[in-house]
Amino acid sequence: MTTFTVTDLRHLFASSEGLAGNPAFGPDELDVALADLGYDSLAMLELAAIVQREYGVRMPDDCVIEMTTPRAAIEYINRRLTEVNAA
Amino acid sequence: MTTSHAVVTGIGVVAPTGVTTAEHWASVLAGKSGLGRITRFDAGDYPVRVAGQVPGFRATEQVPARLVPQTDRGTHFGLVAAADALIDARVDPQELPEYEMAVVTAASSGGTEFGQHEMERLYTKGPDWVGAYQSIAWFYAATTGQVSIRHGMRGPCGVICTEQAGGLDVLGQSRRLLGSGSRLVLGGGSDASLCPYGLVAQLSNGGLSADPDPARAYLPFDADAAGYVPGEGAAMLVVEDEAAAATRGAPVYGRITGYAAGFDPPPGSPRPPVLARTIRAALAEARLDPGDVDMVFADAAGQPDADRREAEALAEIFTPGGVPVTAPKTLTGRMYAAGAALDVATALLALRAGVIPPTAPVARPASGPALDLVSETRSSDPRTALVLARGHGGFTAALVVTAPRKDTA
């Protein structure tokens, strides 16, 4: 089963030019608000679209409400992946 | 209802004639045209081959990196022109109350090129491939919003969509906002529609020139006039209350002393076009007689009927040949929402320099009322300029700018 890691998140942020923010956030910044790292709600919708495309998992629009920090985003995406794998 | 003490203290220009105000003004004085064969895409199969394209503009060098892929080319132009205008006016928005600074821009097409790119992804790959930024980048108000966010200008913000007339309408609106709590307004226009989708949309009005020769494609007021050339770019102006500008020691280009807008009757109506009435209203508000006007920046549609109507309105008010008329937009093409704002900028630069800038020479004047078309720079120390603009569908606007009072120059 696929596990989504912080490395994957950094990779996604860095791979999309429309997501230029701060992909190099360190271990101490996993609980910093994504908004403070340079990612607004539109950026998180863009991220959701990329996850949908690359991982084949549906990401509802309200995912933005849950993905507030890098750690929350990683956990949210992993939950979505688990649900897909369980289905 | 409106304040008559609005002054312009800053100018920012991105145009086919140059990507700075200084470059643009030098091109105008030299009569150096920015028209050429379309190179931004292969226009070989399109009936329009000539356009006014902005040369040497690199968004990545002038627009914050994060915004470049999130916004359209028209917004890139607007962001650069806005930043330049603020610097020119010696304004640091961070030092002023954020709710007392407003942004009003005109737009005719929205983010056309950005939208085309996203539609290509939609049709070739599917809806999941349409980026989230399409939701804001296409929008007419995108430039206003991005300028407002970038500079923290959170006063009344808006967008006006009256095609070519929009470049004047935003300045009328800017002046109005000065009377209701805004101390400084960025007003102007930006448009960039030289992509296949954008060009096809422009073709629908039937007014574009099909002549493939850049020197012959746009000949307003000439017997060979056969349409206009499309242009792209942005012009932004900092508008302030005269007393407030004087208090902070700001340089003043000139005063906005009169503005009026009208709307043409529908085709076939027995009522006359509104241009003459709109000019009279603008002059009346400026408390000027026609004889006080030193130069007219014409709308110069380049279409025989529209040119004749403009010449008739000018003859009615100023007598035939009774006022110097110029159309520097012959060097840029018609820049849609940005065009008239650029004309106002050029008029203010001309007032400062004490010259009437030239228009492309007319070889064979069209029939109709005589015009005193300025074909070479005239050093006649103009003090007052009338700028005219007509937008597709009947939008009409006139704006009067006068040289600053001697003690504030």
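Visitor: Why is N78(A) called buried?

Guide: Its relative accessible area is 16%. Buried means under 20%, exposed over 50%, and partly exposed in between (1.4 Å probe, protein chains only). At 16%, N78(A) therefore counts as buried.

Visitor: What kind of model is this?

Guide: The model is predicted: local features need pLDDT of at least 70, side-chain atom pairs count only at pLDDT 80 or more, and totals for chains, interfaces and linings use all residues. Residues are numbered from 1 along each chain as its sequence is written, chains are lettered from A and ligands numbered from 1 in the order in which they are written, and side-chain values use heavy atoms, with hydrogens and water left out.

Visitor: Where does N78(A) sit, and what is it in contact with?

Guide: N78(A) belongs to helix α4 (residues 70–86) of chain A. Helices (H or I, at least four residues) and strands (E, at least two) are DSSP runs, numbered from the N terminus. Contact means heavy atoms within 4.5 Å. Setting aside neighbours within four places in sequence, N78(A) is in contact with T2(A), T3(A) and F4(A).

Visitor: What makes R58(A) and D128(B) a salt bridge?

Guide: Their side chains meet at 3.3 Å, N to O. The rule asks for a side-chain nitrogen of Lys or Arg within 4 Å of a carboxyl oxygen of Asp or Glu. Between chain A and chain B, the count is one salt bridge.

Visitor: Which kinds of residue does chain A bring to chain B?

Guide: Its touching side divides into five nonpolar, three polar and five charged residues. Ala, Val, Leu, Ile, Met, Phe, Trp, Tyr, Cys and Pro count as nonpolar, Asp, Glu, Lys and Arg as charged, and the others, Gly among them, as polar. The contact takes 13 residues from chain A and 11 residues from chain B.

Visitor: How much area is buried there?

Guide: About 1,000 Å², of which carbon and sulfur atoms give 53%. Buried area is the accessible area (1.4 Å probe) that two parts lose on being put together, summed over both.

Visitor: What makes R175(B) and E285(B) a link between distant parts of the chain?

Guide: R175(B) is in helix α7 (residues 166–178) and E285(B) in helix α10 (residues 275–285) of chain B, 110 residues apart. Their closest N and O atoms are 3.1 Å apart, in a salt bridge. R175(B) is buried at 1% relative accessible area. E285(B) is partly exposed at 29%.

Visitor: How do you know that D224(B) and R364(B) form a salt bridge?

Guide: Their side chains meet at 2.6 Å, N to O. D224(B) lies in the loop between α8 (196–203) and β7 (233–241) of chain B, and R364(B) in the loop between α12 and β11, so the pair ties together parts 140 residues apart in sequence. D224(B) is partly exposed at 30%, and R364(B) is partly exposed at 45%. Elsewhere, salt bridges that share partners join D299(B), E310(B), R334(B) and R390(B) into one network. Over all chains, a search finds 22 salt bridges.

Visitor: Why is E61(B) called exposed, but R58(B) partly exposed?

Guide: E61(B) has a relative accessible area of 61%, so it counts as exposed. R58(B) has 48%, so it counts as partly exposed. Their side chains meet in a salt bridge of 3.5 Å, N to O.

Visitor: What makes a set of residues a nonpolar core?

Guide: The members are buried Ala, Val, Leu, Ile, Met, Phe, Trp, Tyr and Cys residues, joined through side-chain atoms within 4.5 Å. The largest such core has 50 residues, and I11(B), V344(B), L348(B) and V401(B) touch the most other members. Helix α12 (residues 337–353) of chain B gives the largest share, 12 residues. Beyond four places in sequence, the contacts of V344(B) are L168(B), L171(B), L237(B), V387(B), L399(B) and V401(B). Apart from this core lies another of 39 residues, among them V50(B), V229(B), V296(B) and A327(B).
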